[in-house]
Amino acid sequence: MTTITTSTTPRRTLLDVLQKITSTYLLRRLARALFSIWLVATITFFVIRAMPGSAIDILMQDLTAQGVSADDARNQAAALMGIDLDQPIGGQYLDYLNNVIHGDLGHSYRSAGLSVTKMITTVLPWTLFSVGLSLLITFVLGIALGSIMAYKRDTWIDHVLSNLAATLDAVSPYLIGLLAILFFGIIWKLVPIVEMRGAMSSGMKPGFTMAFLADIFKHARVLILVYVLSSIGSWMLQMKSNTVATLGEDYVTVARARGLTDGRILTAYVGRNATLPLFTRLAISVGFVVGGSVLLETLFTYRGVGFLLARSISERDYPVMQGVFLIITASVVIANLLADYVYGWLDPRVRILGGDN
Amino acid sequence: MHNLNDFIGSFWREVAKTFKILSRNKMGLFGFIMVILIILVSFVGPLIWPPELSANVLEINKGSSPAHWLGTDFQGQDNLRKIVNGGKDIVTIALLTGALSMLIAVVVGSFSAFIGGKVDNLLMELVNIWLTIPKFPLLAVLATVLALKDVVMLSVLMAILDWPALARQVRSQVLTLKNREYIEAAMMLDFGTPRIIFRELLPNMMSFVAISTIFEMTHAIYQQTGLVFLGIVPYSSANWGVMISAAERRGVLFNPQAAWSILAPMAAIVLFQLALVSFARSLDEVFNPRLRTSV
């Protein structure tokens, strides 16, 4: 058993500080998020720079093949990636990290002179809009349908919805996207697929006008539908099992015995407790949806971050590829961090115990 | 010689027993037969019904007909014949990635659960961090830079990226089994961790392992399809993923007549997945004798 000893030395050692960080829920989450971003930045650096036959070697080969002399190719490649090739690898790594921290991700190789940061900031809002709205719809709808399944369990509604959820959960977003285009756009002709390409119609002025909002929604609606369809299955099933488990808890029985209305039990007792664990799933779902955006934005020609990544891959534009990948990961990690904070705020037990499971 | 005969005899008895247990579960039997059939067709089919080498201009993008059950594609080639010839890559990728990632996951996950303490905490913290990184973009970037050419390398890369999620699931399974009496007995007899894991624990979570492996297999198929669509994995051979993306690129999505060329390979993938899942569900009864007697 530990006894409380009053330390005579007021100075705190590094170990104490580290222990403080790991024992505090919010700080630990922050440390984890920073570590993830650092890890990904490091992986990209070594993939782009340090591995044999790495991106920078290929870039130099490409430039030489276009008739640039070997020295020039080396200098150009180094300038595009923002790397000083004369430094030892450790120095290059530090330089690279320093650039990333300052938001300098190098310059595009195919679209000459365009900075990668600029390219990303022009497309990022579209992905944030479409993915964010989809997640919101999925979360709300998934919780609603999941609760219905739990309340009506073993009725025909539950069987239909459960099978639907399991099926949607098993099919990849890419196939759902193809089917959506094929059926909605071509066979049933419900939506004009060709007109919907891009994030907005040409000539449309961005701003908080009804016409603009209607236009961007028109362009994103099928994409959002596909995002929702491809991730709602797992939410519904999870919410159903959480609700069923919560309905069996003693405090629900007590609440019933006290004569509380069904509506109050549903919102304050069952709903809140069953929804809580879903916030940790939100983290995984963000990564899943963003990962899917690479394929879906390409399929729908929706100019967001995923589209940019796919294009840079097909053009072998390494600086853009590296930058977009880093931004995608950073946004997923930050979304995770937010989900963790919201979870800690909603569920005081997590903060006090400091544990994750 | 006598020993060998004995061995073969007992092997067949074991196979017959397994088959008998399987046949009790209708869905399981269906899944099992379908999986075997798809693997057979994918590997033997191309020898009997080799791919068409030339285009057939008169038969482009036709629907289903007695001559072409699943219609024809943008080159006028028979879709069914392309599906028979395009399964080998898909089946190989699925089996390799599934087996490899599960193997790493079982070893790391169960050792982590057994050792516990600091090692376990550190490993699980790393796994949690790994889970927040979006895998598909990472896979796409790595596959591009590494310029992967063959199916085996692709499977290895996917297994390396995917095992941590499985390891976490295996760990939690082992943690629930770890305190059972027979495991405690094995530990007291000092059997050693590897033997306890592979001889005592693994058989008891076999159905879980099988189901997870199968989900990993379908995941691998979809990732491969996605990589083909992005143009990262080369079009060297015509597998189902290549069929989908070739049809998409040839503007099938603007031509309702050609819907067959895209729906047929999709149906093949979904059928394979469905067969695998229903087979896996029934494995519970094969591995768990308690469920068997109650049927």
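Let's start where the two chains meet: 37 residues of chain A and 29 residues of chain B make up the contact. Keep in mind that this is a predicted model. On the chain A side, the helices α2 (25–50), α8 (173–187), α12 (278–299), α13 (305–314) and α14 each put in at least two residues. Helix α12(A) gives the most to that side, with eight residues. Sort the chain A side by class and you get 27 nonpolar, nine polar and one charged residues.

Now for the packing. The largest nonpolar core has 149 residues, and those touching the most other members are L223(A), M236(A), L309(A), V324(A) and A140(B). Its top contributor is helix α14 of chain A (residues 318–346), which brings 13 residues.

Over in chain B, have a look at how two helices pack. The axes of α2(B) (residues 26–48) and α4(B) (residues 87–115) come within 8 Å of each other and cross at roughly 135 degrees. From α2(B), the residues I38(B), I39(B), V41(B), S42(B), F43(B) and P46(B) meet G87(B), K88(B) and V91(B) of α4(B). By class, this helix–helix contact has six nonpolar, two polar and one charged residues.

Technical notes:
Residues numbered from 1 in each chain as written. Chains lettered and ligands numbered in written order. Predicted model: local features only at pLDDT ≥ 70, side-chain atom pairs only at ≥ 80, totals over all residues. Core = buried A, V, L, I, M, F, W, Y, C linked by C-beta atoms within 7 Å. Buried ≥ 20, exposed ≤ 12 C-beta atoms within 10 Å, placed from the backbone. Helix = DSSP H or I, 4+ residues; strand = E, 2+ residues; numbered from the N terminus. Axes fitted to C-alpha atoms, helices over the stretch in contact; angles between N-to-C directions. Contact = placed C-beta atoms within 7 Å. Nonpolar A, V, L, I, M, F, W, Y, C, P; charged D, E, K, R; others polar.
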